[in-house]
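Please examine the sequence and the three-dimensional structure shown here before reading on.

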Amino acid sequence: MIRPIETQIQVANPDVLVFVLDGSLRNVPMGVLHDGEQYLIEKHAIALTPGLQLLEPQPLATQQLQALVAGLSEARDDFGDLPNVEREVTAIQTQVSGAVLLNEDFSKENFAALLTDSSFPIVHLATHGQFSSDPEQTFILAWDERIRSTELGSLLQQGELRRDAAVELLVLSACETATGDERAALGLAGVAVRSGARSTLATLWLVDDQGTSVLMEDLYHELKDTSQTKAEVLRQAQLQLLQNEEYNHPYFWAPFILIGYWL
């Protein structure tokens, strides 16, 4: 895919490679492409976009870094526990200010109220979820019930209308795509982008709980460097895992993808 245009890429020296993918390629993380010596993520920051229409961004560098963080560490609704979510949430709190909803506090009602009435450039969801091309099978898991993609989209739109400010980065740190569904990868993330979230960080497969908490801690540390794009911030966090002997297999770092605006 890359070798035929590698010379042009080198001449252009881009900050970010942006892919518009179709079919089964949507379920392949572009960062894992390998030239025999290096992964593509070692050379370039990478982002995906559902189409060529772009939204007007407000880069995080121009805003105070505040996050609405919601997570489930305990088993709910036939999904297992995520013991490292508490570590992930604590690590984020040390890097950025904002509000936290953990376990029982992460009810659908509480989440909706904070998302629509308060202004948070970053919304971070550390919970189970699933992407699918079927809206009924696309959801994130709150303590008391599932929040379907259509509901999440509505909440994002309502919040933007009330606050006159969009969510700049939506992070979905423990979700996975529906097996065998070639359009699944853009399911929930695509809904979020179309509903007003400028960028969405999502995963292509079920991720390792401990490895994810390490990556997210690095991610928020990198976000404090306001000279970096969101795509470069993710790249640096992935490279930290790649350079860690415990997490250097692509299983741990490759599934994290940035969809939408990459600045």
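The paragraphs that follow treat strands, backbone angles, salt bridges, surface patches and contacts in turn.

The model is predicted, so local features need a pLDDT of at least 70 and side-chain atom pairs count only at pLDDT 80 or more, while totals for chains, interfaces and linings use all residues. Residues are numbered from 1 along each chain as its sequence is written, and side-chain values use heavy atoms, with hydrogens and water left out.

We begin with two strands. Helices and strands are here DSSP runs, numbered from the N terminus; a helix is a run of H or I of at least four residues, and a strand is a run of E of at least two. Strand β1 comprises residues 16-19, and it pairs with β2 in the parallel sense over four bridges. Two strands are said to pair if DSSP finds at least two bridges between them. Within this pairing, Phe19 stands opposite Leu48 in β2.

In a regular strand the side chains alternate between the two faces of the sheet. What covers strand β2, residues 45-48, on its faces? Both faces are covered: Ala45 and Ala47 on one side are buried, and so are Ile46 and Leu48 on the other. The word buried means under 20% relative accessible area, exposed means over 50%, and partly exposed lies in between, with a 1.4 Å probe and protein chains only.

Most residues other than glycine have a negative phi, and most peptide bonds are trans. Asp77 has a phi near 50°, a positive value in a residue other than glycine. Asp77 is found in the loop between β3 (66-71) and α2, and it counts as partly exposed at 36% relative accessibility. Asn103 is not a glycine either, yet its phi is positive at about 55°. Asn103 belongs to the loop between β4 (97-102) and α3 (108-117). Is Asn103 buried or exposed? With a relative accessible area of 4%, Asn103 is buried.

We now turn to charged side chains. Side chains of opposite charge can pair when their charged atoms come close. A salt bridge is counted when a side-chain nitrogen of Lys or Arg is within 4 Å of a carboxyl oxygen of Asp or Glu. The structure holds nine salt bridges. One of them joins Lys43 to Glu6, with the closest N and O atoms 3.3 Å apart. Because Lys43 lies in the loop between β1 and β2 and Glu6 in helix α1, the pair ties together parts that are 37 residues apart in sequence. Both partners are partly exposed, Lys43 with a relative accessible area of 32% and Glu6 with 25%.

Another salt bridge is formed by Arg87 and Glu217, whose closest N and O atoms are 3.8 Å apart. This pair links distant parts of the chain: Arg87 is in helix α2 and Glu217 in helix α6 (residues 209-223), 130 residues apart. Arg87 is partly exposed at 39%, and Glu217 is partly exposed at 32%.

A further salt bridge brings together the side chains of Glu145 and Lys108, at 3.7 Å from N to O. Salt bridges that share partners also join Glu6, Asp35 and Lys43 into one network.

The surface also carries patches. Patches are made of residues with over 30% relative accessible area and no salt bridge; like charges are joined within 9 Å, and nonpolar side chains (Val, Leu, Ile, Met, Phe, Trp, Tyr) within 5 Å. Glu74, Asp81, Glu86, Glu104 and Asp105 gather in a surface patch of negative charge. Of these residues, Glu86 is found in helix α2, residues 85-95, and is partly exposed with a relative accessible area of 40%. Met1, Leu25 and Val28 make a nonpolar surface patch of about 250 Å². Met1 is found in the segment before α1 (6-12), and it is exposed, with a relative accessible area of 54%.

Phe252 and Asp208 are 44 residues apart in sequence and 6.3 Å apart in space, C-alpha to C-alpha. Phe252 is found in helix α8 (residues 250-253) and counts as buried at 19% relative accessibility. Leu102 and Thr127 are 25 residues apart in sequence, with 9.8 Å between their C-alpha atoms. Leu102 is found in strand β4 and is partly exposed, at 23% relative accessible area.

Conventions: Accessible areas come from the Shrake-Rupley method with a 1.4 Å probe; for residues, only the protein chains shown count as cover. Lys and Arg count as positive and Asp and Glu as negative; His and the chain ends are not counted. The place of a charge is taken as NZ of Lys, CZ of Arg, CG of Asp or CD of Glu.
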